[in-house]
Amino acid sequence: MKRSSKYIPALHFHWLTPWYDTIMRRLYPEQAVKTALIAQARIQSGQRVLDVGCGTGTLTLLIKRTHPDAEVHGLDVDPRVLAIARRKAEQVGEVIVLRQGTATDLPYLDETFDRVFASLMLHHLTREDKRRALAEAFRVLKPGGELHVADFGKPQDRTMWLISLLVRWAEEVHDNIRGLLPVFMAEAGFRSVEEISRYRTVSGTIALYRACKPTGEGACSHHQGETS
Ligand SMILES: C[S@@+](CC[C@H](N)C(=O)[O-])C[C@H]1O[C@@H](n2cnc3c(N)ncnc32)[C@H](O)[C@@H]1O
C-alpha cells in the first residue's frame, strides 16, 4: 500500500487515541457538525457511501443509523482507530464495512460510490496529499456523485481569526485556513464546489463543503430543479 506508513493520528499522538471520542464530544460541536454534514448529502436509499479517514467511526455509524438502506464503508489508515470503530459497530449492532488504507490511494474501483465524506481528515494531509486524496475521491465517485467535507476553513470573524493564528501552525492546517480546500477540489475536477455552513469552535472555524463530480453532460444532480 502506497504512502500509508507515515500519517498524523486522530489527536496527533497515538497515546491520545483512546480519548478521541471523549475529547470530541466535550470540546467540539460534534453532533451538530456531523448531523449537518449528513443532512446536506441527501443520501438516498440503496446508495453506496464512503467515509474517508473515518477514525473511530462516529460519522460512519451515524450515516448508517440515519440511512439504514445505504451501504456504508469507512476507511482509515490507522489500525488503532479502526479497532475502536469496529468495537463501536459491534456494540450498536450496525453493519458497516471498515477497511484499512490510505486516502491518497483508495483501495476501490473507479465510480464505486454515490457519496464520499471526509470529516476532519484533510488537515492531516500535506498539500500534495490533499490534492491526491481529492483526486482519489473524484475517481471513486460515480458521475453525479458528491463529496462532503467538514474541516478547518477560512476564519469568519475576528475571534476565529485570532484562534487561527495559533492553529495554522498545527498539523497541515494552513492551506485550510487560507481557504484553499475549495480551490483544490475544483482542481481535482469537482464542480459546484460550495461552502454550505460554518461552525465556530474552540479550535477555530470548521467549514462544511459540498462538491459534485459532474455527469457526462456536465450536470450536478443537487442543482437539477434548483432555481438559483
Ligand atoms: C481528526 S480524525 C477524524 C476522524 C473522523 N473522520 C471524525 O470526524 O471524527 C482524522 C483521521 O484521519 C486519519 N488519517 C490521517 N491520514 C490519513 C490517510 N492518509 N488516509 C486515511 N486516513 C487518514 C487519521 O488516522 C484519523 O483517524
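Okay, a definition before we start: Ala, Val, Leu, Ile, Met, Phe, Trp, Tyr, Cys and Pro count as nonpolar, Asp, Glu, Lys and Arg as charged, and the others, Gly among them, as polar. This is a predicted model, where local features need pLDDT of at least 70, side-chain atom pairs count only at pLDDT 80 or more, and totals for chains, interfaces and linings use all residues. Residues are numbered from 1 along each chain as its sequence is written, and side-chain values use heavy atoms, leaving out hydrogens and water.

Let's take the second largest pocket. By pocket I mean, on a 1 Å grid over the protein atoms alone, an open set of points where a 1.4 Å probe fits, with protein on both sides within 12 Å along at least five of seven lines; lining residues have an atom within 4 Å of a point. Its lining has three nonpolar, three polar and three charged residues. Among them are Gln-31, Leu-61, Arg-65 and Lys-88. Which element gives the largest share of that lining? That's H3, with four residues. H3 is a helix, 58-66, and helices here are DSSP runs (H or I, at least four residues), numbered from the N terminus.

Now the ligand. Where does the ligand sit? In the largest pocket, meaning more than half of its atoms lie within 2 Å of the pocket's grid points. That pocket's lining divides into 27 nonpolar, 14 polar and eight charged residues, and helix H1 gives the most, four residues.

Notes: Helices (H or I, at least four residues) and strands (E, at least two) are DSSP runs, numbered from the N terminus.
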